[in-house]
Amino acid sequence: MKDSLEITKEAVVGMVPVMEAEGLEELAALAKANNCRTMLEIGTAVARTAVYMAEQGLTVTTIERDPDMIWQARRNIAESGQSVRLVEADAREADIRGTFDLIFIDAAKSQYRRFFERYAPLLSEHGIIVTDNMKFHGMVDHPERTQNRHTRGLIRRLREYRQYLESLEDWETEFLDDRGDGIAVSRRKR
Ligand SMILES: C[S@@+](CC[C@H](N)C(=O)[O-])C[C@H]1O[C@@H](n2cnc3c(N)ncnc32)[C@H](O)[C@@H]1O
C-alpha cells in the first residue's frame with residue numbers, strides 16, 4: 001500500500017504543487033476540531049492531500065480537470081487503498097451532490113470566489129470552508145517581489161478574494177497567515 005508520505009515525496013520530485021506540510025497539519029487539526037467526516041476538495045493534483053485526509057478517517061471527494069494529474073491521482077488513490085472519490089471535471093461547472101463538513105479550495109487562484117459561491121451551498125450546517133495560498137509565498141503582502149504579469153494578476157485576485165470573504169455578512173473568516181502558505185477558515189455565523 002502507498003501512503004500519503006510516499007505520494008508527497010513523489011510530488012516533490014515531480015515538482016507538483018501540493019499544500020505545504022504545516023498547512024496540511026492545520027487542515028487535519030481543523031477537521032478533527034470541527035468533527036468533520038466528509039470533505040470536498042477543489043483541486044486534487046496527485047491526490048496527496050486527499051489520501052492524507054482519508055488516512056485521518058474522512059470520506060473524501062475531490063475534483064480535478066487536468067488529464068495528467070487525473071491519471072496520477074487515480075493511480076495513487078488505487079495504490080493507497082483509501083476511500084477517495086475522484087471527480088474528473090472542471091470545478092467551475094462540476095455537478096456535485098451531497099453535503100460536506102469540510103470544503104477545501106485549492107485550485108486555480110483566479111477562480112477562488114467562483115468556487116466558494118458554487119460549493120458553499122453544499123456545506124453542512126456546522127461545516128468549514130478552508131482556502132489555501134492566501135499569502136501566495138508572501139507576495140500577497142509584497143506584490144513588488146514579482147514583475148511577472150500573470151503572477152501579479154493572481155495576487156490581485158487573491159487580495160480581492162480576501163476582501164470578498166471579509167465582506168460576507170453571513171460568514172466569519174479567520175485568516176491563519178502564519179500557517180503554511182496562509183489559509184482562510186470560513187464558517188457561517190450562527
Ligand atoms: C495546488 S494543486 C492542488 C494540490 C492538492 N490540493 C494537494 O494539496 O495535494 C491545484 C490543482 O487544481 C487543479 N485545478 C485548477 N483549476 C481547476 C478547475 N477549475 N477544476 C478542477 N481542477 C482545477 C490543477 O490542475 C491542479 O492540479
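Strand 5 and strand 7 run antiparallel and are joined by 3 bridges; strands here are DSSP runs of E with at least two residues, helices are runs of H or I with at least four, both numbered from the N terminus, and two strands pair if DSSP finds at least two bridges between them. The model is predicted, so local features need pLDDT of at least 70 and side-chain atom pairs count only at pLDDT 80 or more, while totals for chains, interfaces and linings use all residues. Residues are numbered from 1 along each chain as its sequence is written, and side-chain values use heavy atoms, with hydrogens and water left out.

Val130 stands opposite Val185 in strand 7. Strand 7 also pairs with strand 6 in the antiparallel sense, over 6 bridges, and here Glu172 has Arg187 of strand 7 as its bridge partner. The hairpin of these two strands has 6 residues between them, and in it Gly180 takes a positive phi near 55°.

Parallel pairing is found between strand 1 (residues 38–42) and strand 2 (residues 59–64), over 5 bridges, with Thr62 in strand 2 as the bridge partner of Glu41.

The axes of helix 5 and helix 6 (residues 149–167) come within 9 Å and cross at roughly 35°. Tyr112, Arg113, Phe116 and Glu117 of helix 5 meet Leu158, Tyr161, Tyr164 and Leu165 of helix 6.

Turning to the ligand, 22 residues surround it, the closest being Gly43, Thr49, Glu64, Ala91 and Asp106; a residue is near if one of its heavy atoms lies within 4 Å. Polar contacts are pairs of N or O atoms within 3.5 Å. A polar side-chain atom of Asp106 lies 2.7 Å from a nitrogen atom of the ligand, and a polar backbone atom of Gly43 is 2.8 Å from a ligand nitrogen atom. For Ala108, a polar backbone atom is 3.3 Å from a nitrogen atom of the ligand.

Conventions: A polar contact is a pair of N or O atoms within 3.5 Å; within protein, one must be able to donate a hydrogen and the other to accept it, and residues adjacent in sequence count only if both atoms are side-chain atoms. Axes are lines fitted to C-alpha atoms, for helices over the stretch in contact, and angles run from 0 to 180 degrees between N-to-C directions. Contact means heavy atoms within 4.5 Å.
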